[in-house]
Amino acid sequence: MGQGYVLVNKSKGEIISYAHLPASKARELTGNPVTAAMTTWYLLSNMGDQISFIEEENVWDDYDDVTDRLIDDMIKRQLIKDDGIEVFDPNEPEIFIRRLRNTWMDC
């Protein structure tokens, strides 16, 4: 199955959980154009902070999940595009995946 990861910024008490995205494992995070761009943008925006990946089951509850804030910032900067969501079961609309696209892939 593979190990899922989150990005942790110990300096700011933040995580990027990659929630509702089609990637969380090492190969997925590097191979998916959106999650690779998110990780790079976050690292560049937080240089000097103590940042690393940890296994998703080891996430600290008191850390703030800033995944949506990062996505919103990247959409505003036209680095990624939001193509809506895909709900897997209409009876459980909270189970969905965001359909995001790396705008650099359109070139």
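How many of the five residues of strand 1 are buried? In this predicted model, the count is four, which leaves strand 1 (residues 5-9) mostly covered.

## Strand 1 and its partners

Strand 1 pairs with strand 3 (residues 51-55) in the antiparallel sense, and five bridges join the two. One of the residues involved is Val6, whose bridge partner in strand 3 is Ile54.

Strand 1 also runs antiparallel to strand 2, with three bridges between them. Here Val8 has Ile15 of strand 2 as its bridge partner. Strand 1 and strand 2 form a hairpin, and four residues lie between the two strands. Gly13 sits in the turn of this hairpin and has a positive phi of about 70 degrees.

The structure holds seven salt bridges. Among them is the pair of Arg69 and Glu14, with the closest N and O atoms 2.8 Å apart.

Glu14 counts as buried because its relative accessibility is 9% and the limit for buried is under 20%. Arg69 counts as exposed because its relative accessible area is 51% and exposed means over 50%.

Asp82 and Arg98 meet through their side chains in a salt bridge, at 3.3 Å from N to O. Asp82 is partly exposed, at 35% relative accessible area, whereas Arg98 counts as buried at 14%. Asp82 and Arg98 also belong to a network of salt bridges that includes Asp68.

A salt bridge also joins the side chains of Arg101 and Asp83, with an N to O distance of 3.1 Å. This pair again links distant parts of the chain, with Arg101 in strand 6 and Asp83 in strand 5, 18 residues apart. Arg101 is partly exposed, with a relative accessible area of 27%. Asp83 is partly exposed too, at 30%.

## Helix 2 against helix 3

How do helix 2 and helix 3 lie to each other, roughly parallel or roughly perpendicular? The axes of helix 2 (residues 33-45) and helix 3 come within 11 Å and cross at roughly 95 degrees. Angles of 65 to 115 degrees count as roughly perpendicular, and the two helices are therefore placed in that class.

Helix 2 contributes Ala37, Met38, Trp41 and Tyr42 to the contact. From helix 3 come Thr67, Leu70, Ile71, Asp73 and Met74. By class, the contact of helix 2 with helix 3 has seven nonpolar residues, one polar and one charged.

## Where the elements meet

Strand 2, in turn, forms the hairpin with strand 1, and strand 1 pairs with strand 3.

How values were computed
Residues are numbered from 1 along each chain as its sequence is written. This is a predicted model: local features need pLDDT of at least 70, side-chain atom pairs count only at pLDDT 80 or more; totals for chains, interfaces and linings use all residues. Side-chain values use heavy atoms; hydrogens and water are left out. A salt bridge is a side-chain nitrogen of Lys or Arg within 4 Å of a carboxyl oxygen of Asp or Glu. Buried means under 20% relative accessible area, exposed over 50%, partly exposed in between (1.4 Å probe, protein chains only). Axes are lines fitted to C-alpha atoms, for helices over the stretch in contact, and angles run from 0 to 180 degrees between N-to-C directions. Angles under 35 degrees count as roughly parallel, over 145 as roughly antiparallel, 65 to 115 as roughly perpendicular and the rest as oblique. Contact means heavy atoms within 4.5 Å. Ala, Val, Leu, Ile, Met, Phe, Trp, Tyr, Cys and Pro count as nonpolar, Asp, Glu, Lys and Arg as charged, and the others, Gly among them, as polar. Two strands pair if DSSP finds at least two bridges between them.
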